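Let's take a guided walk through a fold together. Keep your viewer open and turn the model as you read.

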Amino acid sequence: MSSQTVIITGASRGLGAAAARILAELGARVVLNARSEGDLNTVAGSIRAAGGQAIAVAGDISQPAVSRALVETALSQFGGLDAIVNNAGVIEPIAPVAEADADAWQRNLTINVIAPVLLTQAAIPALRERQGRVINVSSGAAIRPKGGWAAYGASKAALNLFNATLALEEPRLTAIALRPGVIDTEMQAVIRREGQGRMSEAEYERFARYHAQGQLNPPELPGRALAVLALYAPPDWNGAFMAWDDERVAALVAQHAGM
Ligand SMILES: NC(=O)c1ccc[n+]([C@@H]2O[C@H](COP(=O)([O-])OP(=O)(O)OC[C@H]3O[C@@H](n4cnc5c(N)ncnc54)[C@H](OP(=O)(O)O)[C@@H]3O)[C@@H](O)[C@H]2O)c1
């Protein structure tokens with residue numbers, strides 16, 4: 001069992017909520033963030049009811065004060081910080097470049113790129129003390145363009161380069177960008193609701209098929225990989241962009257959280 005402290009954003013549902021529960025099952029103390037206070041408190045409450053330690057700090061992670069509050073909570077309530085998981089993310093706007101709303105582009109980049117930078121900046125002094133880890137939740141869209149997804153793909157490509165640059169600048173930390181695969185979460189529901197006519201027909205059909213044929217993974221599968229990386233990613237992986245089912249990740253999961 002781990003006695004580490006981990007901050008995880010986007011923990012009110014989906015991948016973040018699953019990873020938070022698994023982190024707590026593995027013994028970690030977790031500080032949770034998302035905007036929806038009720039849902040976030042429900043996740044934190046269920047962790048505590050199961051015997052874990054969780055504190056919810058609700059707020060928009062793109063506000064610098066929220067990042068500072070998360071780090072201050074970890075330090076004051078749990079005595080230190082071992083890892084942060086930059087998981088909160090949005091896919092919108094789903095629209096061709098020629099039609100996409102500029103404010104929605106700005107919101108996407110603010111949540112998907114600027115917010116991870118802000119939380120990382122706030123956490124670096126504490127992470128340095130424990131040679132900690134930064135896990136950035138990326139996407140295959142960072143390296144494969146999809147029509148209608150320019151904002152999302154550009155944001156995840158930027159996140160990958162942020163991750164790789166952080167690794168160069170902070171060699172005593174371990175920064176990993178993780179692709180979690182296709183997961184049965186609200187983000188996939190948004191793609192099915194808003195993608196038709198805005199993505200290519202073939203791409204839209206592919207995502208609709210993933211859902212119809214039960215090919216979306218439950219969040220607990222990549223969530224376990226995310227939790228194990230946050231607690232145990234080895235230092236020599238610093239800077240890597242990895243898939244959740246990479247065989248090295250699978251071996252680490254088997255070692256630390258074998259079922
Ligand atoms: N689902 C997939 O197939 C898939 C594939 C590749 C990568 N990913 C990545 O996985 C991560 C998690 O996505 P998901 O699939 O679990 O999506 P999701 O179910 O939509 O969850 C997104 C989470 O981010 C939070 N969030 C969004 N904006 C926020 C903000 N400004 N401040 C704080 N929290 C915010 C949401 O909570 P609130 O709305 O309450 O704030 C929610 O908890 C994302 O980075 C996504 O890009 C997902």
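Is Phe207 buried or exposed? Phe207 counts as buried, because its relative accessibility is 4%; here buried means under 20% relative accessible area, exposed means over 50%, and partly exposed lies in between, with a 1.4 Å probe and protein chains only. Before going further, please note that this is a predicted model, in which local features need pLDDT of at least 70 and side-chain atom pairs count only at pLDDT 80 or more, while totals for chains, interfaces and linings use all residues. Residues are numbered from 1 along each chain as its sequence is written, and side-chain values use heavy atoms, with hydrogens and water left out.

Rings of Phe, Tyr and Trp (its six-membered ring) pair if their centres lie within 6.5 Å; planes under 30 degrees apart count as stacked, over 60 as edge-to-face and the rest as tilted. By this rule there are 3 aromatic pairs. One of them joins Trp149 and Tyr152 edge-to-face, at 5.6 Å centre to centre and with 90° between the planes. Trp149 and Tyr152 are both buried. Another brings Trp149 together with Phe207: the ring centres are 5.2 Å apart and the planes meet at 45°, so this pair is tilted. Trp149 sits in the loop between β5 (133–137) and α5 (150–169), whereas Phe207 belongs to helix α7, so the pair ties together parts that are 58 residues apart in sequence. Trp149 has a relative accessible area of 6%, which means that it is buried. Ring pairs link Trp149, Tyr152, Phe207 and Tyr210 into a cluster.

The helix and strand names used here follow DSSP runs, numbered from the N terminus: helices are H or I runs of at least four residues, and strands are E runs of at least two.

Now turn to the sheet. Strands of a sheet pair through backbone hydrogen bonds, either parallel or antiparallel. For this model, two strands pair if DSSP finds at least two bridges between them. The open sheet has 7 strands in the order β3-β2-β1-β4-β5-β6-β7, and the pairing is parallel. At the edges stand β3 (53–56) and β7 (241–243); each has a single partner strand, so one side of each is left without a neighbour in the sheet. From one strand to the next, the twist averages 20°; axes for such angles are lines fitted to C-alpha atoms, for helices over the stretch in contact, and angles run from 0 to 180 degrees between N-to-C directions.

How enclosed is strand β1 (residues 5–9)? Of its 5 residues, 5 are buried, so β1 is largely enclosed by the rest of the structure. Both faces are covered, with Thr5, Ile7 and Thr9 buried on one side and Val6 and Ile8 buried on the other. On one flank, β1 pairs in the parallel sense with strand β2 (residues 29–33) over 5 bridges. Thr5 has Arg29 of β2 as its bridge partner. The chain passes from β1 through helix α1 (residues 14–25) to β2 in a right-handed β-α-β crossover; right-handed says that, with the strands pointing away from the viewer, the path from the first strand over the helix to the second runs clockwise. Ile7 has Val31 as its bridge partner in β2 and stands opposite Ile84 in β4. Strand β4 (residues 83–86) runs parallel to β1 and is joined to it by 3 bridges. Helix α3 (residues 64–78) lies across β1, β2 and β3, running at about 160° to β2.

Charged residues make the last stop. Side chains of opposite charge can pair when their charged atoms come close. A salt bridge is counted when a side-chain nitrogen of Lys or Arg is within 4 Å of a carboxyl oxygen of Asp or Glu, and the count comes to 6. Among them, Arg193 and Glu186 meet at 3.0 Å, N to O. Arg193 is exposed at 56% relative accessibility, and Glu186 is partly exposed at 34%. Glu203 also forms a salt bridge with Arg206, where the closest N and O atoms are 2.7 Å apart. These two residues lie 3 residues apart in helix α7 (residues 201–212), so about one helical turn separates Glu203 from Arg206. Glu203 is buried at 18% relative accessibility, while Arg206 is partly exposed at 26%.

Technical notes
Contact = heavy atoms within 4.5 Å.
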